[in-house]
Amino acid sequence: MTQDVEMKEQQVPAAPSNSVSSTAPSVLQYLKEIAALIETGAYSREVRRILRAIRLTIALRRKLNASVISSFLSFTLASGSEAHSRLVSYLPKEDEHDMEVDTASSGTQATVKHSHEIEIYCYLLVLIFLIDQKKYNEAKSCSSASIARLKNLNRRTVDVLASRLYFYYSLSYELTESLSEIRGNLLALHRVATLRHDELGQETLLNLLLRNYLHYNLYDQAEKLRSKAPRFEAHSNQQFCRYLFYLGKIRTIQLEYTDAKESLLQAARKAPVAALGFRVQCNKWAIIVRLLLGEIPERTVFMQKGMEKALRPYFDLTNAVRIGDLDLFKTVAEKFSTTFTSDRTNNLIVRLRHNVIRTGLRNISISYSRISLADVATKLRLDSPNPIADAESIVSKAIRDGAIDATLDHANGWMVSKETGDIYSTNEPQMAFNSRIAFCLNMHNEAVRALRFPPNSHKEKESAEKRRERQQQEQELAQCIAEEDDDEF
């Protein structure tokens with residue numbers, strides 16, 4: 001599976017002083033403001049406020065430490081409550097000086113009565129911190145406790161936080177190489193989310209289940225789940241990109257290369273610019289699929305910013321397929337075998353051998369009007385015990401499939417190529433233009449469907465205060481998209 005790639009984080013203004021006593025309270029103050037935002041969203045049932053709180057939290061994650069989180073838990077959760085005791089037990093013990101400073105800074109604040117959303121947010125905050133600190137066993141325990149708590153809640157304002165918890169729940173088990181243990185739980189959670197009409201949860205859990213199956217190469221089970229799961233309009237662009245990527249991988253393994261190519265290219269196009277690792281994986285699989293379809297990717301695909309080094313093995317592989325050199329293909333496959341194995345594309349590259357031979361044969365048929373089968377075997381560099389017989393079967397199959405326009409002279413052992421006609425006298429140019437036009441129209445239709453407008457925008461006139469708040473949120477959202485603050489890829 002693709003490796004989870006960290007995104008660039010939104011920069012949060014630092015406190016003026018460099019000392020711990022001034023930095024920690026500033027982060028704690030930000031967390032308190034986020035808690036107030038969640039409380040407001042839960043009271044008014046506005047999911048967008050909770051989404052904004054999550055974006056702000058991701059921007060703060062690099063500045064978090066155990067003492068700040070402990071002080072925040074003491075501020076939001078009742079001291080001695082089950083949730084407070086459990087979450088504090090997961091945190092590592094910090095230096096006494098830090099603890100004293102944070103306790104003093106939070107001691108002046110009164111403890112608020114927390115809502116269910118605040119409690120789930122505290123679970124999410126602690127879980128993110130534990131994963132960032134590479135404390136994966138503690139993260140597993142924390143994520144399991146949070147999922148157990150979520151099963152008793154059915155609130156639309158909790159759904160956004162729950163979808164994030166599902167993701168980190170799966171990630172913590174994947175990092176400890178025990179992903180198969182939670183497959184039953186994920187299926188049960190998906191069933192519950194479907195019954196509760198939690199579409200964001202269904203979307204997230206379906207992707208996690210597909211990732212779980214593909215991690216263990218269970219492609220048939222993944223396809224059965226995908227085909228029977230309810231489909232609806234995507235709520236999250238990140239989740240939709242992941243779904244397209246997994247669908248492309250399933251289609252590739254099932255030899256449905258045309259559909260796989262469309263899904264993989266669409267996933268790479270829709271992915272955020274900062275999701276470099278995800279886009280690299282999409283391009284790797286898309287390159288292999290295009291080669292299997294007999295296409296040669298353009299050089300610009302391999303020259304994309306930040307991808308040159310990662311795509312270098314696939315560039316050399318494409319060059320070998322383009323030339324039709326079987327020896328060069330074998331050399332590249334052996335040289336980068338470790339890379340192909342880690343990318344899980346090794347089995348697909350084995351399928352490419354036939355394409356290399358067919359490309360070489362096509363070049364031979366264009367260059368020679370008549371050539372003996374022995375020379376064909378020599379030029380293709382077939383290393384079998386009976387290369388002439390193999391060359392004859394390869395040529396006959398290529399003629400039958402329409403790859404080359406030639407005839408076989410069995411008596412003399414020749415391959416006779418027919419004269420190349422004018423391609424513009426055929427329907428091929430028209431078919432090529434039709435496919436390009438259909439692609440552009442499809443992209444335009446998807447862009448139109450992706451447009452979103454606030455409900456009842458034509459009926460209600462917003463006040464100046466609401467307008468300022470909306471503009472501020474739009475600016476924050478644009479900044480977050482520019483530096484995609486989500487590490488789901």
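**Aromatic contacts in the predicted model**

Tyr168 is buried, with a relative accessible area of 1%, where buried denotes under 20% relative accessible area, exposed over 50% and partly exposed the range in between (1.4 Å probe, protein chains only). The structure is a predicted model, in which local features need pLDDT of at least 70 and side-chain atom pairs count only at pLDDT 80 or more, while totals for chains, interfaces and linings use all residues. Residues are numbered from 1 along each chain as its sequence is written, and side-chain values use heavy atoms, with hydrogens and water left out.

Eight aromatic pairs are present in the structure. Rings of Phe, Tyr and Trp (its six-membered ring) are paired if their centres lie within 6.5 Å; planes under 30 degrees apart count as stacked, over 60 as edge-to-face and the rest as tilted. The ring centres of Phe167 and Tyr168 are 5.1 Å apart and the planes stand at 70°, so this pair is edge-to-face. Phe167 is buried, its relative accessible area being 4%.

Tyr169 and Tyr173 form an edge-to-face aromatic pair, with 5.4 Å from centre to centre and 75° between the planes. Both residues lie in helix H8 (residues 156-175), four residues apart, about one turn of the helix; helices (H or I, at least four residues) are DSSP runs, numbered from the N terminus. Tyr169 and Tyr173 are both buried.

Elsewhere, Phe245, Tyr246 and Phe278 are linked into a cluster by ring pairs.

Charged groups also sit over rings (NZ of Lys or CZ of Arg within 6 Å of the ring centre and within 35 degrees of the ring normal). The charged end of Lys32 sits over the ring of Phe75, 4.8 Å from its centre, and that of Arg436 sits over the ring of Phe433, 5.9 Å from its centre.

Note on methods. Helix = DSSP H or I, 4+ residues; strand = E, 2+ residues; numbered from the N terminus.
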